[in-house]
Each structure stands twice: as structure tokens, then as C-alpha cells.
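Let's walk through this model together, chain by chain and then element by element. Keep the viewer open as you read.

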Amino acid sequence: MTDRLLDYDEALATFDPVLGLEVHVELNTASKMFCGCANVFGGEPNTRTCPVCLGLPGSLPVVNAKAIESAIRVGLALNCTIAPWCRFARKNYFYPDMTKDFQTSQYDEPIAYDGWVDLELDGETYRIEIERAHMEEDAGKLTHAGASGRIGDAEYSLVDYNRAGTPLIEIVTRPITGTGAKAPQVAKAYVAFLRELMLSLGVSDVRMEQGSLRCDANISLRPSSTSPLGLRTETKNVNSLRSIEAALAYEIRRQAAVLSSGGRVTQETRHWHEEGYTTPGRSKEQAEDYRYFPEPDLVPVAPSAAWVEELRATLPELPGIRAARLQAEWGFTDAELQDVVNAGALDLIEATVAAGATPAAARKWWLTELARRANEAGIELAELAITPAQVAAVQALVDAGTVNDKLARQVIDGVLAGEGEPAAVVASRGLVVVSDDGALSAAVDAVIAANPDVAAKIRDGKLQAAGALIGAVMKDLRGQADAARVRELILERLA
Amino acid sequence: MSLLRTSAADLAGVIASGEVSAREVTQAHLDQIQAVDGSVKAFLHVDAEGALAAADAVDARRAAGEALSPLAGVPLAMKDIFTITGMPTTCGSRILEGWSPPYSSTIAEKLRAAGVVVLGKTNMDEFAMGSSTENSGFFTTHNPWDNDRVPGGSGGGSAASLAAFEAPLAIGTDTGGSIRQPASVTGTVGVKPTYGGTSRYGVVAMASSLDTPGPCARTVLDAALLHSVIAGHDPRDSTSIDAPVPDVVGAARAADVTGMRIGVVKELGGEGYQPGVEQRFSEALAVLESLGAEIVEVSCPSFEYALAAYYLIMPSEVSSNLARFDAMRYGLRVGDDGVNSTEEVMNLTRGAGFGAEAKRRIILGTYALSSGYYDAYYGSAQKVRTLIKRDFDAAFARTDVLVSPSTPTTAFRIGERTADPLAMYKADLCTIPSNLAGNCGISVPCGLSPDDGLPVGFQVMAPVMADDRLYRVAAALEAELTKRWGGTLLDHLADSPSGAYLGVGSMR
């Protein structure tokens with residue numbers, strides 16, 4: 001990429017960043033927003049469609065009551081006011097992924113507005129003000145055949161309307177100021193918080209990689225915290241928590257370079273690339289006129305105060321409060337807790353601890369070994385074929401000295417491969433640590449005899465050479481030995 | 001007996017008794033279409049095979065001793081704006097030419113379930129935009145009373161099919177008068193039910209907050225029977241009213257106005273109204289008074305702004321509703337040469353597929369909704385709409401129904417108003433207020449204008465979900481006038497020399 005970038009610290013020394021985040025959450029209702037089609041990710045293209053979500057002439061929408069309930073619960077959890085009366089609106093624009101060439105959304109009458117959330121980050125509290133949370137429908141999915149994958153130079157484009165009409169909630173913040181150099185982390189922490197919140201409310205699967213949680217990250221720079229807001233960019237296609245942080249850091253550096261050289265930031269949509277840069281999309285200099293007006297095919301939504309209170313009573317312990325409680329119980333540092341939250345592992349670790357593991361051990365397994373495997377498989381931690389109870393059982397085997405860490409990883413392999421409970425895997429794979437000193441001693445003696453040069457070095461005091469012999473012994477014993485004990489035996493003999 | 005000139009109510013009776021088969025009735029109407037539609041041009045599509053099969057199914061049910069619903073076996077002409085499987089739906093537009101919907105409208109389902117025989121789809125102004133059928137993308141329908149005159153619009157095809165004895169029943173949609181105004185100028189009966197009283201599901205939208213499907217017939221009772229078949233709550237239409245259908249059939253049979261207070265709307269008359277129309281209207285008032293109704297004058301001052309408000313709200317909704325005709329999924333596609341972009345194909349298709357009036361309204365509506373103009377146009381129009389509702393509320397607080405001419409003039413000549421959209425729009429002056437307020441209205445014939453010998457319509461308007469009052473008043477007027485005339489207006493037409501081309505004169 002050819003963007004000039006300013007050093008991050010220099011950028012922040014010169015400019016004050018202001019954030020604005022728009023998060024789209026796909027609701028996990030059984031049916032779509034305005035019709036009875038199944039609301040499920042993927043599927044054979046254009047099989048989950050009907051006259052309504054295909055926008056066929058004459059068809060009419062009917063609001064999914066469950067989606068309204070979810071929207072109200074989200075609004076309440078975000079400390080919003082719930083509108084006693086609101087309407088849907090049509091957002092008019094032509095695009096082939098829109099079956100009606102308008103999106104049924106909400107405009108000046110959102111279901112929830114004026115909320116806030118407090119985020120803890122490195123001991124600081126950041127209040128994020130929520131301007132609104134409104135309901136809308138998702139569009140279909142376009143696949144462009146061509147070198148760039150963009151519609152402009154595509155040879156042809158394919159459209160799948162299975163996603164058309166999926167219920168969405170869009171949560172929009174007010175401009176977030178005062179975050180300074182922490183702006184990208186605050187943004188990431190906010191989205192991680194929303195992710196946890198949606199999970200605890202049970203209203204969405206919030207899988208960023210499947211697009212069921214999508215974030216548009218707005219950022220602008222200004223000379224100081226008292227200056228008027230600068231021109232902003234809106235970065236799209238930020239499909240992971242890591243990307244949010246990286247994309248915003250990139251935009252800060254890029255905008256700072258533009259401004260420092262006397263240039264002007266173009267108000268535009270930008271596209272994030274996982275390789276680590278953004279490219280310009282649609283220019284917003286001439287803002288598109290969506291000609292919003294109240295959707296005449298739908299009647300107003302008027303949730304009664306009694307219903308809203310009923311829904312308030314169903315709210316679970318909210319993530320911030322719960323996370324703080326668990327952090328105290330587990331003795332995690334802020335950074336450790338943050339990692340857990342960001343990985344979506346709070347529930348898993350809680351269950352693993354409940355099954356008998358120490359919090360530290362539970363965290364270690366889920367955030368290292370298991371996180372790596374989930375990452376490799378491209379799935380969520382919770383989708384791994386291992387339960388918290390099984391993870392606790394693996395740790396119990398380690399604590400009892402039955403297996404070492406290395407063998408424990410093989411036990412996990414076995415469980416994930418469907419070979420049964422951890423104890424069964426240990427038995428069937430013969431993974432028990434050799435603790436019989438006789439067998440160990442024989443192996444050690446054999447290795448010393450086979451490596452006289454190395455043995456001589458150790459005798460001369462070069463203890464670091466012992467590693468090679470330990471490795472050889474472990475290899476002979478197929479790893480089923482306690483490496484610390486092997487070391488002791490080697491040093492005893494060569495003292 | 002002439003099967004063509006028998007009412008739907010009586011046809012259903014003779015079919016149910018076995019005196020005549022549904023097939024014979026259907027065949028007679030198909031023959032009449034064959035004979036006269038070359039000059040009337042009411043139909044865009046005739047489904048002879050499907051109609052006969054539906055008629056046979058009714059005959060089979062009767063033979064099996066099953067109870068038949070009240071209109072079983074009676075033929076019907078369907079405005080080409082209702083989706084129904086097995087037939088094309090074009091809305092009178094080239095942009096939808098060849099589209100066969102994969103689903104049926106709620107009303108089509110109800111009609112089929114009731115054993116009503118759908119003969120085919122009738123002509124209309126493109127997407128229901130017009131008062132003459134001259135905006136049809138295919139051809140203009142002619143008024144059976146005078147081949148050189150329009151049959152009204154947008155539902156001119158449905159109204160003309162009734163007046164030409166091609167069908168005893170028809171259905172239409174009324175957004176600003178598209179059922180009542182054609183009924184008025186063809187000497188037939190047309191009803192705009194209460195908004196939400198009939199389902200819009202499967203009715204291609206012109207202006208969603210105004211569109212109201214309704215019955216068309218040659219008699220008030222036939223309209224009531226059809227009304228009771230097609231009305232009722234539909235969970236697939238959010239704006240549908242969840243309440244029992246008013247007893248329209250009972251009201252039409254009662255035909256009694258004794259003690260009713262009838263309000264004459266001062267603003268719907270005077271300048272711009274044809275003298276012959278006003279004369280027949282006044283005579284009809286005298287008839288109602290003679291039947292025991294009390295006639296009072298009421299003022300609805302906001303009606304003056306109804307046309308202006310309508311021509312902001314309706315095009316705004318049109319501009320959005322007609323966006324989906326973009327060549328991507330169905331209908332016409334122009335310029336897809338592998339070089340043009342998606343936007344260019346959309347532009348070329350819409351340019352070629354829509355007629356001038358559709359384009360005019362799309363442009364008007366797009367402008368009215370634009371940022372910076374929204375409050376002045378769409379916003380103000382909605383306020384006027386509220387004022388019109390209040391005028392109705394105040395008027396209905398002291399009357400049972402309101403009345404006016406259905407349209408200011410009789411049928412105008414083909415081509416007479418095509419160059420002057422405003423003159424065309426004024427045909428809906430009397431009918432638009434009820435669309436804006438969402439209440440109900442009927443047009444029933446009240447004579448031939450002495451100045452040109454063409455039919456005049458009498459409009460009755462009633463409050464929301466008081467549709468039965470329309471039928472009560474219209475049926476009383478119809479009964480008395482028919483008695484005085486010695487037959488209906490259409491009987492006279494069929495018997496007159498000019499009726500010869502309808503092919504029914506000889507069938508007495």
C-alpha cells in the first residue's frame with residue numbers, strides 16, 4: 001500500500017482521536033424479520049426464501065414479535081430508554097442485494113435510545129454513550145466473479161437471498177472522546193463487551209467470522225480535545241476484534257500523516273484488508289439521499305410499559321457485573337480477564353472451574369492449547385468437541401502426575417478425535433508417565449552410553465548440554481516421562 | 001333466461017339448484033368475451049381453460065351433494081393487479097410483461113375457495129395510475145356506453161367488463177377512486193371498503209397507505225355478496241383490521257334509509273361539476289328524502305386540499321414501491337449486453353418499461369421525499385391528511401353517511417385529457433378524501449346525464465368499518481330508481497341501438 005503513515009506515538013502526540021462505532025447484530029430468532037422463512041446461516045443459495053423476503057410484487061411484511069422482544073432486551077441492557085411508540089421506515093436505494101430496492105429499517109424513531117455502558121480498561125473507566133439501537137433487516141449476499149471481487153469490474157455477480165430479511169439490531173454510539181492513545185483498545189473492548197452481552201442475553205450467536213456481528217468503525221482526528229470534530233472515515237469489513245484494533249490504529253496513523261502534511265481527510269467509507277491496511281470505498285462527500293419515510297406496510301410498534309418491565313425482569317446478570325465478580329473470585333489481573341473476555345471464554349472457564357479445575361489452569365488450557373486448535377479449525381472455542389468437564393479432567397490427570405503437560409495435549413487430541421473421556425484416552429493410547437525409576441534409569445544409562453561426547457561436556461560443568469540427553473531419553477520413552485526427574489537422574493550420574 | 005343479464009346472486013341460485021351448470025354460465029361469459037372484447041378491450045388475459053376447470057369443479061361439488069358457498073360458480077373478472085397462480089400479472093405495465101407470480105393474493109385464494117370462477121385479468125392504467133386506462137402499457141379499454149369514451153380508471157377494464165356483460169362480478173383496487181370512478185362512468189356499482197377491511201397481500205402496491213381492494217358489480221346486492229367473500233382479517237397484511245366484517249349483505253337486503261341522516265358535502269360540488277351530474281345527484285337526494293332519510297348539509301373545509309395532499313403522499317409511496325422493478329429478478333430486462341453496468345441495465349429497463357405517468361409520479365415522489373423537501377411536501381401532506389380525517393370525524397358525528405357525486409363529470413372522450421394530467425387528476429376529486437381518511441365509499445348509478453346521455457354515479461361515504469351503511473343507502477336508492485326506470489341503466493343500454501355491439505340486445 002502507498003498510504004503514508006505517521007508513527008503511532010507521534011500521531012497521538014499531535015492529534016486527539018474521536019471514535020464512533022456502529023455495530024450490527026444479527027438476531028438468532030427462529031424466523032426472519034418479516035416472514036416465516038428459517039433464519040439460519042448459509043444453506044443452498046436461495047432456498048430459504050419466500051415471496052416476502054424476495055420482495056415479490058404484492059407481498060407484504062409482518063413484524064417478527066420475537067425480534068422486537070430481543071431489541072427491547074438489548075436496549076434495556078444498554079441502559080436505553082425504550083420508545084413507547086415507534087415506526088419502521090424505508091431506506092431507499094438501488095442495489096441488487098436489496099429485493100425491494102429499499103431496506104426496512106428505523107430512522108428517527110428507534111425502538112431504544114439514549115443509553116450508556118461503562119468499560120473497564122487498564123484500571124480506567126470509559127463511558128460509552130449509546131445514541132440508539134434500532135431494528136432493521138439484512139440484505140442478500142452478492143458474490144462478484146472477477147479479479148477484484150468488487151462489483152465494478154466483475155464478469156458476473158451471483159446473489160443469494162437466504163440472508164435477505166434476517167433481523168438485525170444496529171447499535172450506534174455517540175462520538176466517543178477522551179480515549180487518547182487507547183482509542184483502538186477501547187473500541188475493541190466495547191465490541192467485545194457487546195459480544196458478551198448478546199451471548200448472555202441469548203439474542204444472537206455473535207459470530208464475527210460469519211457476519212452475525214459486524215462493526216463499522218468511524219474515527220476522526222482533531223488537533224486537541226477542545227477543537228471541533230474532524231472529518232471522519234468509516235471503516236467496514238472489520239470482522240474480528242483484532243481487526244477493529246488494527247484498523248483503527250492504521251486509520252489514526254494514516255489520517256495523522258494526511259493532516260500533518262497539510263492535507264484534508266476525505267470523508268469516506270474505507271475497506272479493511274486483513275493484510276493490515278485500508279482502501280477507500282464509497283465517497284461520502286455527496287451523502288446519498290435515502291429518502292426515508294415511515295413504512296406504510298407496517299403498523300407502529302407500541303410496547304406497553306408492563307411488557308417492557310416484564311422483559312427487564314428477564315435480563316441476566318450483565319457481563320460487566322459478572323466479569324467483575326468472576327475476576328475477584330478467580331484473582332485474575334485486568335489483562336488476564338480482558339483476554340478471557342476477548343476470547344469469548346468466560347462461560348467455558350467458569351464451567352471448567354465448577355468442574356474442579358483451578359481458575360489459572362482453566363484459563364491456561366482454554367486460552368493457549370484450545371484457542372490454538374479452535375483458531376486452526378476456524379471455529380469458536382465453544383464449538384470444540386471438548387467439554388469444560390473434560391478439560392477439568394485433563395488437568396486432574398496432570399495434577400495427579402498421571403500425565404505431564406505434553407501428554408495432556410495428546411489426551412486432548414484423543415478427546416477431540418472422539419476417543420472418549422480423558423481417562424479412556426490415557427488408557428487406550430498408553431499415555432501414562434513412566435514414574436518407575438528403574439525403567440527411567442535404564443533409559444538414562446543407555447542414552448549416556450550412546451552419547452559419550454555430550455556426557456563429557458556435562459561432566460566438565462556445561463550443564464546446558466543436558467538438554468540434548470533429556471530430549472533423547474524422552475524420545476526413547478515416547479514422551480511418557482517426567483522431564484524434571486530425567487534431568488535429576490542425568491545430573492546425578494554425571495556429577 | 002339470459003345468463004349474461006342475470007345477477008350474480010341469481011346465477012349462484014340457479015347453479016346451486018342445478019337449473020344451470022356452472023360450466024354453462026362460464027361458457028356463456030367466455031362466448032360474450034369472444035364476441036365483444038375485440039371492441040371493448042376489457043381483458044388483458046382470458047383463462048378459458050382455467051375458468052372452465054373451476055366451473056367443472058363447482059359442478060362436481062354440487063353433484064356430490066356438497067354445500068356450495070353463496071357465489072360458487074359465478075364468473076368474475078380480476079383486475080390485473082392481483083397475483084393469482086396460473087395467470088400472468090402485469091399491472092398494465094410492460095415492465096412486468098410475462099411475469100407469472102408463484103403465489104396467489106389472499107383475495108384470489110378466498111375467491112377460489114368460494115368457488116368463484118376467475119375468467120381472466122382486466123386492463124388498467126399502469127400500476128393503477130390513471131382515470132381512463134389510457135395509461136395502460138398495452139391498450140385503452142372502451143366504454144360500453146360510447147366506444148369513443150373512456151371507461152374510467154384505473155380499473156376501467158373491470159368496470160367495462162361488467163357494463164359489457166362479459167362478467168357479472170369483478171374486483172378492483174381503489175387508491176384514489178380507481179373502483180368508484182370507473183363504476184360511476186360505466187353505470188355499474190363499485191365499492192372502496194374501509195382501508196384494512198380487505199387484504200392487500202398479493203395486490204401489487206401502488207400507494208400502500210391508500211390501496212384498498214374492493215368489489216365491482218352491476219347491483220348493490222351482488223357487490224355486497226362479493227364484499228363478504230373477499231373481506232376479513234388477514235394475518236399476512238399488518239394493516240388489516242382484526243374485526244368482524246360488517247353485515248353488508250344484510251344491509252343490502254334491508255335497503256332501508258328510514259331515519260338515517262345523510263350529509264351532503266358542500267365542498268364536493270359547484271364549479272367544475274357538470275350540470276347534468278349535479279342535476280341527477282340532486283334528484284337522487286330527493287329520492288332518498290322521499291324514502292325517509294333526513295338530508296343535511298355539512299362542510300369539510302380541508303377537502304379543498306385533498307387532491308394536493310394526495311398527489312404528494314401517493315407519488316412518494318409510488319417512488320418507493322416501484323423501485324423493485326429493476327430488471328434483476330423478474331419482468332423486463334433491457335440493455336444486458338455484457339458491457340453495461342448493473343446501474344445502466346436498471347436505468348435502461350426502467351426507462352423502457354415504465355410509461356410516462358409512472359415516470360411522472362416516480363419523479364414527483366422522489367422529489368417530495370428528498371432531504372430538505374420532506375417536511376415541506378410529504379410532511380405537510382400528512383398534516384393535511386390528519387385534517388381531512390378530522391373533517392370526516394366531525395361530519396360523521398352528526399350524520400350517518402356523507403354523499404356527493406362520484407366524479408365531477410361523465411365519461412370523457414378518449415384522448416381528451418391525456419395532454420393535461422391535472423384535468424385527469426380531477427376525475428378523482430370526490431373519491432380521494434375517503435382514501436386519505438381510510439373510511440369507505442360506494443358509487444351507485446343515479447341516472448343518465450341529460451346533457452350527454454351518459455351514466456352518473458352517486459357516492460355514499462361511511463365511517464371506518466361501517467361499510468354496511470354504504471350498502472343500506474345505495475341499495476335503497478337503487479331499488480327506488482330501478483322501479484322508476486322500469487329496469488337498470490344497463491338494461492336500457494343493452495336494449496338500446498348502441499347496445500347492439502354488446503351482443504346482448506338480442507338475448508332478451
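## A walk through the two chains

Take helix α16 of chain A as a way in: its buried residues pack against α13 (437-450) and α15 (466-476) of chain A. Before going on, some ground rules: this is a predicted model, where local features need pLDDT of at least 70, side-chain atom pairs count only at pLDDT 80 or more, and totals for chains, interfaces and linings use all residues. Residues are numbered from 1 along each chain as its sequence is written, while chains are lettered from A and ligands numbered from 1 in the order in which they are written.

Back to α16(A), then. Helices are DSSP runs of H or I with at least four residues, strands are E runs of at least two, and both are numbered from the N terminus. "Buried" is a matter of counting: a residue is buried if 20 or more other C-beta atoms lie within 10 Å of its own, exposed if 12 or fewer, and partly exposed in between, with C-beta atoms placed from the backbone. Packing rests on contacts, meaning two residues whose C-beta atoms, placed from the backbone, lie within 7 Å.

Which residues of α16 (residues 483-493) of chain A are buried? They are Val486(A), Leu489(A) and Ile490(A). Seen down the axis of α16(A), these buried residues fall within an arc of 100 degrees, so they line one face of the helix. (The arc is that of the directions from the helix axis to the C-beta atoms.) An α-helix has 3.6 residues a turn, so residues three or four places apart point the same way. The face of α16(A) turned away from the buried side carries the exposed residues Ala484(A) and Glu492(A).

Now zoom out to chain A as a whole. It has 16 helices and 14 strands, and its C-alpha trace spans about 90 × 55 × 50 Å along the principal axes. Of its 495 residues, 41% count as buried. Among contacts in chain A between residues at least 6 apart in sequence, 69% join residues at least 24 apart. An automatic or database domain assignment supplies the domain bounds, and chain A is divided into domain 1 (8-311), domain 2 (343-429) and domain 3 (437-493). The centres of domain 1 and domain 2 of chain A, taken over C-alpha atoms, are separated by 35 Å.

Chain A also has an open sheet of three strands in the order β4-β3-β14, with antiparallel pairing. Two strands count as paired if DSSP finds at least two bridges between them. At the edges sit β4 (102-105) and β14 (293-294) of chain A, each pairing on one side only. Strand β3 (residues 89-92) of chain A is joined to β4(A) by four bridges, and Lys91(A) stands opposite Gln103(A) in β4(A).

Over to chain B, which has 17 helices and eleven strands. Its radius of gyration is 21 Å, close to the 23 Å that the globule rule gives for 508 residues, so chain B is as compact as a globular protein of that length. (The radius is taken over C-alpha atoms, and the rule is 2.2 Å times the number of residues to the power 0.38.) The C-alpha atoms of chain B fill a box of roughly 65 × 50 × 45 Å along the principal axes, and 62% of the residues of chain B count as buried.

For a buried strand, look at β11 (residues 455-462) of chain B: eight of its eight residues are buried, so β11(B) is largely enclosed by the rest of the structure. Pro455(B), Gly457(B), Gln459(B) and Met461(B) point one way, and Val456(B), Phe458(B), Val460(B) and Ala462(B) the other way. Strand β9 (residues 401-405) of chain B pairs with β11(B) in the antiparallel sense over four bridges, with Phe458(B) as the bridge partner of Pro405(B). Strand β10 (residues 440-448) of chain B is also antiparallel to β11(B), joined by seven bridges, and Ser443(B) stands opposite Gln459(B). The hairpin of β10(B) and β11(B) has six residues between the strands, and there Gly453(B) takes a positive phi near 70 degrees.

Finally, the two chains meet: the contact takes 31 residues from chain B and 25 residues from chain A. On the side of chain B that touches chain A, α10(B) gives the most, with three residues.
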